[in-house]
Amino acid sequence: MGFKMGIVGLPNVGKSTLFNALTRTAAAQAANFPFCTIEPNVGEVAVPDARLDKLAAIGKSANIIPARMSFVDIAGLVKGASQGEGLGNQFLANIRECDAIAYVLRCFEDPNILHVANKVDPLADAEVVETELMLADLESLEKRVAGVEKKAKQGDKEAKITLDLISRALVLLREGRSARHVERSGDEEKAFQGLQLLTSKPALYVCNVDEASAATGNAMSRQVEDYAKSHNAGVVVISAEIESQLAQLPDAEQAEYLETLGLHEPGLNRLIREAYDLLGLQTYFTVGPKEARAWTIHKGDKAPQAAGVIHTDFERGFIRAQTIAYDDFIALGGEVAAREAGKARDEGKEYVVKDGDVMLFKFNT
């Protein structure tokens, strides 16, 4: 299971530059004018995880297959998008298909790069994007109320739950707060997700700073950090320009380049970690002579669900899972030694998979 993160923001904030750098492609046309991105560009990237290389070395695996994440570079939004302004309708449809949203906010001054509002104000930019998404959600819910009310009055239990959620969401949206703030129980979550609200998606504010501010951030990015806390969102500071330069260097030279800038890792790594946290994701591994592979699952998933990520037949016919903790696998030198030391456990259907588990599934065909 991978996941899809939409990269959104106003025109000329560095969205396409960041997308190109992250996916190491030139698929998105990075140009100094609005709407240079019309069709959404989708790029897949490998999720960096140093543990995978260590596991492959011990397992003498012929191939290393990391987990994958998709980035979607979505057309620049403008005020009025919820009413179809600019590329509004298409923009909103593209966001609806994503698991999470990265709001790229311009946190640098550059007289050579035009800003659609003729001023650099990341908080104002964030509010434009968020407001347009809230307006779209308001319109969507208001259109649904009458039909859901009718079903609820007829005794439909699911409709009653949905109507209550719609009412709670409308209160917040009319107050200018996103649907992420709707309090709901675990039993209500499925119905809430069924509403497909744009502002319910996990959000990550990406502060695009100048090169000099990449390691420490700046006054504008610190404002965004405070803003993110109050909006139940994540935040990461990144320089799209640095990431663009980094993407063009051979792997061997990247670490040296980062060190000269006071950085310890590419911005991509931080971005993915934040996205994983937002979506409640984690990784487990399978290791063998043929391949060492990372698999993405949700925190709290049980062994059969983890098996189902490999193939639905694995979940359907699940019997048990041999499980070795990552630290034990590394410390003992592999599966055989872990078994001999009693560190390879047979887990059943109720086992909750932990991040880093090395697993081997037994199932009925």
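Predicted model: local features only at pLDDT ≥ 70, side-chain atom pairs only at ≥ 80, totals over all residues.
Local features need pLDDT of at least 70, side-chain atom pairs count only at pLDDT 80 or more, and totals for chains, interfaces and linings use all residues. Residues are numbered from 1 along each chain as its sequence is written, and side-chain values use heavy atoms, with hydrogens and water left out.

The protein chain has 14 helices and 12 strands; these are DSSP runs numbered from the N terminus, with helices (H or I) of at least four residues and strands (E) of at least two. Of its 365 residues, 48% count as buried, where buried means under 20% relative accessible area with a 1.4 Å probe, protein chains only. Contacts (heavy atoms within 4.5 Å) with a separation of 6 or more come, for 69%, from residues 24 or more positions apart.

Turning to the cysteines, a search of the whole structure finds 0 disulfides, a disulfide being a pair of cysteine sulfur atoms within 2.5 Å. For C107, the nearest cysteine sulfur is that of C207, 4.2 Å away. C107 is buried, at 0% relative accessible area, and C98 also counts as buried, at 3%.

Helix α8 (residues 240-247) packs against helix α9 (residues 251-260) at an angle of about 150°, with the axes 10 Å apart. Axes are lines fitted to C-alpha atoms over the stretch in contact, and angles run from 0 to 180 degrees between N-to-C directions. The two helices are therefore roughly antiparallel, a term for angles over 145 degrees. I242, Q245 and L246 of α8 meet Q254, Y257 and L258 of α9.

Methods
Buried < 20%, exposed > 50% of the residue type's maximum accessible area, 1.4 Å probe, protein only. Parallel < 35°, antiparallel > 145°, perpendicular 65-115°, else oblique.
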